[in-house]
Amino acid sequence: MGAKPTVLVAEKLGEAGLEVLKGFANVDCSYNLTQEELCTKISLCDALIVRSGTKVSREVFESSGGRLRVVGRAGHGCLVVNAPTANTVAAAEHGIALLTAMARNIAQADASLKAGKWLRSKYVGVSLVGKTLAVMGFGKVGSEVARRAKGLGMHVIAHDPYASADRARAIGVDLVSFDEAISTAEFISLHMPLTPSTSKILNDEAFAKMKTGARIINVARGGVIDEDALVRALDSGKVAQAALDVFTEEPPAPGNKLVLHERVTVTPHLGASTMEAQVPKGELSSTAVNAPMVPAEVLSELAPYVILAEKLGRLAVQLVSYATARAPDDLDTRLLRAMITKGLIEPISSVFINLVNADFTAKQRGVRIAEERILLDGSPENPLDYIQVQIAHVESKFASAMSDSGEITVEGRVGSFQVDVSLEGSIILCRQVDQPGMIGRVGASSASRMIAPRKHAVMAIGVDEEPHPEALKKIGEIPAIEEFCEKL
Ligand SMILES: NC(=O)C1=CN([C@@H]2O[C@H](COP(=O)(O)OP(=O)(O)OC[C@H]3O[C@@H](n4cnc5c(N)ncnc54)[C@H](O)[C@@H]3O)[C@@H](O)[C@H]2O)C=CC1
Ligand SMILES: O=C(O)C(=O)COP(=O)(O)O
């Protein structure tokens, strides 16, 4: 090799970050590339750095012709520049800035004074002290917003189906249901990732449940709000004001009703845009660079187990047992543990898990994965016979699969399966009233072809592609389906 690698920086980074890169690489800063331009350029690059504006699609990887080795997402656990906490604080501060600016009509009053008007009575605001703020999504950003809002004398409640009550209690925040959160709060601030289950989570139905005069803040993702429904709620007076940093379409189309609305304060996705959030953090990037890497031969030997580990991680793992005939120093399980963490955290979070940040992220979220080995006799030719995960205290997505002691144990092996369900592809699990015709009804709702359906009081259906959200919604609406869990 010898030659300097070429790094394509596809979105604006801070100068200090660029300087670090220029120290060892040829840096090509090309912003606002179309998808085609990106695909053309990528074949000449060893690394790509993006922010939230660039989709690194399959096409981009395919166009790289094998040269591309690292894709860095500035701000989210990437190898070269890793500033996850600066990003969090920046977003939380922006949320608070929008909250206070909205309550006191800062943006509107500023525009009017600059236009030569002096309208003291038009811009009477509302006070924050003693008001209830509902933090929707109590992750990194949400919990920092909660902490700061408490400092402003607000009463803070939070809704997050996956957050630990202990962590909330430590900050002095009560975790409540979705309905309780939105129906009791004067201010509602959104901090969940955009996923199929959070898409348009604030819709007409949700706005109807809110107090008249509620105020909404969104620094998460535009898609978590049904924007047309928000316009209706503002026009009817149900929602008094909104403050938005993010939009379903970015930039929003000219004439976007929310952007132009008199009672809406907007910023162009500035949540992470502070000087501090753009500066590389020495200690974190050095952790990343020094992170334990798995040697290539271990990687290839464990490759088949990696997908299995991620699937198993989509359940909330407490104990992982590796059944192996290998001696402990001959089986490196860090990669598998990382994949289990990935399966566990990625579906509910905006964090992308890789080998570098897996243990850090798990610890940060209070997830503890204990590991043990089940030593088998026999030939150590295969690294693993099976992986078993044990899940305790599940706040059940899927209560019917639990033992009396409240635990679920699942085993998976590569190639064949001892579990009732093959953990390949996507799987829909439904608990249903045991009556004829259910598989057909569920099958009819799912656009994908079914393989090996089974019929129990619990039904597992393997589908040949990720189920469409609409199909899942229809399954949930079949009266006999009591609960179901998509995507194992
Ligand atoms: N405006 C901006 O520039 C920035 C926006 N963000 C966005 O803010 C959001 C939060 O980011 P982080 O706190 O870093 O992510 P995080 O992954 O730490 O927290 C997200 C939380 O949402 C929870 N959650 C998942 N589904 C939920 C549901 N249905 N209802 C309620 N909570 C749910 C998760 O359990 C998790 O605790 C993300 O959408 C992220 O992309 C983050 C940084 C800057
Ligand atoms: O980190 C995030 O989730 C953001 O939304 C920030 O995006 P940006 O890095 O400013 O393009």
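**Exercise: the end of a helix**

Before the solution, a few ground rules. This is a predicted model, in which local features need pLDDT of at least 70, side-chain atom pairs count only at pLDDT 80 or more, and totals for chains, interfaces and linings use all residues. Residues are numbered from 1 along each chain as its sequence is written, chains are lettered from A and ligands numbered from 1 in the order in which they are written, and side-chain values use heavy atoms, with hydrogens and water left out.

*Solution.* 
- Locate the helix: α10 covers residues 227-236. Helices are DSSP runs of H or I with at least four residues, strands are runs of E with at least two, and both are numbered from the N terminus.
- Now check the start, where a side-chain oxygen of D226 comes within 3.2 Å of the backbone nitrogen of D228.

**Exercise: the buried side of α10**

List the buried residues of α10, then find the elements they pack against.

*Solution.* 
- Set the cut-offs: buried means under 20% relative accessible area, exposed over 50%, and partly exposed in between, with a 1.4 Å probe and protein chains only.
- Apply them to the helix: E227, A229, L230, V231, A233 and L234 are its buried residues.
- Follow their contacts (heavy atoms within 4.5 Å): these residues pack against the helices α9 (204-209) and α11 (257-260), and against the strands β9 (214-218), β10 (239-244) and β11 (264-266).

**Exercise: the place of ligand 1**

Why does ligand 1 lie between domain 2 and domain 3?

*Solution.* 
- Start with the domains: ligand 1 lies between domain 2 (86-266) and domain 3 (292-414) because both give residues to its shell. The bounds come from an automatic or database domain assignment.
- Go on to the shell: 28 residues are around the ligand, and K140, V141, D160, D245 and S349 come nearest. A residue counts as near if one of its heavy atoms lies within 4 Å of the molecule or strand in question.
- Sort the shell by type: 13 residues are nonpolar, 10 polar and 5 charged. Here Ala, Val, Leu, Ile, Met, Phe, Trp, Tyr, Cys and Pro count as nonpolar, Asp, Glu, Lys and Arg as charged, and the others, Gly among them, as polar.
- Pick out helices: α4 (84-103) and α6 (140-151) each supply at least two shell residues.
- Turn to the oxygen atoms of the ligand: a polar side-chain atom of S349 is 2.7 Å from one, and a backbone N or O atom of K140 lies 2.9 Å from an oxygen atom. The protein covers 94% of the 850 Å² of accessible area that ligand 1 has on its own. Such areas come from the Shrake-Rupley method with a 1.4 Å probe, and for residues only the protein chains shown count as cover.

Is K342 buried or exposed, and which side chain makes a polar contact with that of E186?

*Solution.* 
- Take K342 in helix α15 (residues 334-345): its relative accessible area is 18%, so K342 is buried. Beyond neighbours within four places in sequence, K342 touches E310, P347 and I353.
- Move to E186, in the loop between α8 (178-184) and β8 (187-190). With a relative accessible area of 23%, E186 is partly exposed.
- Check its partners: the side chains of E186 and K211 make a polar contact at 2.8 Å. A polar contact is a pair of N or O atoms within 3.5 Å; within protein, one must be able to donate a hydrogen and the other to accept it, and residues adjacent in sequence count only if both atoms are side-chain atoms.

**Exercise: backbone angles to inspect**

Find the cis peptide bond that ends at P251, and look up the phi of N32 and of H269.

*Solution.* 
- Recall the background: most residues other than glycine have a negative phi, and most peptide bonds are trans.
- Inspect the bond: from E250 to P251 the peptide is cis, with omega near -10 degrees. P251 sits in the loop between β10 and α11.
- Inspect the phi angles: N32 has a positive value of about 55 degrees, and H269 has a positive value of about 50 degrees.
- Compare exposure: N32 is exposed at 75% relative accessible area, whereas H269 is partly exposed at 24%.
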